[in-house]
Amino acid sequence: MPVANEPSERMRKFKNKGKDAAALRRQRVEVNIELRKAKKDEQILKRRSISFSLMDESISPVEDKKNEIIQLSLEEIAEAVNGSNTELQLQATQATRRMLSRQKDPPINQIIELGIIPRLVEFLTHADNAPLQFEAAWALTNIASGTSDHTRAVVEGGAIPAFISLLSSPHMHISEQAVWALGNIAGDGPLYRDALINCNAIPPLLALVSPVTPVGFLRNITWTLSNLCRNKNPYPHLDAVKKMLPVLTCLMEHEDKEIISDSCWAVSYLTDGSNDRIQIVVDTGILPRLVELMASPELIIMTPALRAIGNVVTGTDEQTQAAIDAGVLAVLPSLLRHAKPTIQKEAAWTLSNIAAGPCRQIQQLITCGLLPPLVELLDKGDFKAQKEAVWAVANFTTGGTVEQVVELVQSGVLKPLLNLLLAKDSKTILVILDTISNLFLAAEKLGETEKLCLLVEEFDGLEKIEALQTHENNMVYQAALNIIEKYFSGEENPDLQPGTGQDGLYDFSVEKQDFNF
């Protein structure tokens, strides 16, 4: 089988379980649904501008009752911030914050070039001047929400320990601002994430989670926790993960959909790793809740819950069984038929990894009715989802018993599978050809090779396989040639007709006593 014998990027992503390459579980090659920092920052900015428009009226002490706004130039800001007059410091810091809060083109670079970041960081420590602390924290948060260079300027200004101290501020709006800033810093990547963890940011952050924490504040805490769980190379330290997980499992029970969403994203990051990391999540007992959330009508909840469960089933057979026991197979049919192609794709990817398990798990797939939606997806799904469905079928034919492969063929998989040989993607074609070889191996064990040949011809499969002999990819050409030479080069028997059931589906006959697996 050509696919199993040729190294490829896809094959290297399989987990080695001692089976044929086509049956081994795959880690994600690319995370195309994962929310990047930029996208999450947008979300935060929207939250921040809403709550701060209220705060501006009620908290800010600089503006008098007429809401008079003092306009300062960059030079005047630098002079006032570096001066010793506290009133002017506050006015200048607030003017800075306003500039950085503009929706379009905030002058982050110009503010950094003024050289005032260390001074703003110093203002964070002025516990006797809460308004100044708040304005400085807000300005620095907005700087840190920019590019990596902008975030670095804040970190190198000494902001991390100062913001961690502010988590314990007696003023809630100041501690909330510190949470936002730390979330932006953690979201920059593993280096600053670990810097926060090493500065012991997690305990005071977790201490802010309580039944009386306002929902808006809790959203920001959850988002910051999700960024502390995020990124690989390296992964976050296991001690940090173990501290955060109990709180994240509680947050997943919250009624607010944004809090649930970000706690699910956090768990999805934590499961995107080695089996020991997956096990830590499984041991929390959170899988039934994740499966429940996979069925949520809210896309922002369903997407990360599905990702987390999809990651779990890249693990061991036991970890996959834990997901099955939590009810994943009952939810997958509706997700395979979901209106959004990205959800179809993720669901098919999840299914493909479950299908890479032992035949008892494959039987559970059959029993839970996964074959009809899988065939539908192969037939009519988005191409990216179809590619994952092809892998599901390939894994099924590698790890399944002959009886199970017969059920797969009876479900109508052959026609849409053969149609996908017209795809432009060489890897997908190779996997399909490999799968066809597996189907012939099952037919050989049943003594029904010729019937399968006729069925392949009936679905115009032979014509498609023959056409692949002129394919530009040599591996495709060789795989197609192998099938033709092995199964289609002999004399045809004109009297032999394929046994068909309703809808023209092939009807294998199986005598179970013949099998000894």
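## Loops, core and cavity in a predicted model

Asn-231 lies in the loop between α14 and α15. Helices are DSSP runs (H or I, at least four residues), numbered from the N terminus. This is a predicted model: local features need pLDDT of at least 70, side-chain atom pairs count only at pLDDT 80 or more, and totals for chains, interfaces and linings use all residues. Residues are numbered from 1 along each chain as its sequence is written, and side-chain values use heavy atoms, with hydrogens and water left out.

**Backbone in the loops**

Most residues other than glycine have a negative phi, and most peptide bonds are trans. Asn-231 has a positive phi, near 80°. Asp-460 also has a positive phi, near 60°. Asp-460 sits in the loop between α29 (449-458) and α30 (461-467). A cis peptide bond joins Asn-233 and Pro-234, with omega about 0°. Pro-234 is in the loop between α14 (215-229) and α15 (238-251).

How open are such residues? Buried means under 20% relative accessible area, exposed over 50%, partly exposed in between (1.4 Å probe, protein chains only).

| Residue | Relative accessible area | Class |
|---|---|---|
| Asn-231 | 27% | partly exposed |
| Asp-460 | 42% | partly exposed |
| Gly-189 | 8% | buried |

Gly-189 lies in the loop between α11 (172-186) and α12 (190-198).

**A buried glutamine**

Gln-321 belongs to helix α20 (residues 317-325). Gln-321 counts as buried because its relative accessibility is 14%. Its side chain makes a polar contact (a pair of N or O atoms within 3.5 Å, one able to donate a hydrogen and the other to accept it). The partner is the side chain of Arg-360, at 3.2 Å.

In soluble globular proteins, nonpolar side chains tend to be buried together. Here the largest nonpolar core has 162 residues, and Phe-163, Leu-225, Leu-290, Val-328 and Leu-433 touch the most other members. Helix α28 (residues 426-446) gives the largest share of this core, 11 residues. A core joins buried Ala, Val, Leu, Ile, Met, Phe, Trp, Tyr and Cys residues through side-chain atoms within 4.5 Å. Beyond four places in sequence, Leu-433 is in contact (heavy atoms within 4.5 Å) with residues including Leu-421, Ile-465 and Ile-483.

**The cavity**

A cavity is a set of points on a 1 Å grid over the protein atoms alone where a 1.4 Å probe fits but cannot get out; lining residues have an atom within 4 Å of a point. The structure holds 2 cavities of 30 Å³ or more. The largest cavity has about 40 Å³ of space. Its lining includes Leu-351, Ala-392 and Phe-396. Helices α24 (371-380) and α25 (383-399) each give two or more residues to this lining.

Technical notes
1 Å grid on protein atoms, 1.4 Å probe; cavity = no way out; pocket = protein on both sides within 12 Å on 5 of 7 lines; lining within 4 Å. Points joined across faces, edges and corners; volume = space filled by probe spheres on them.
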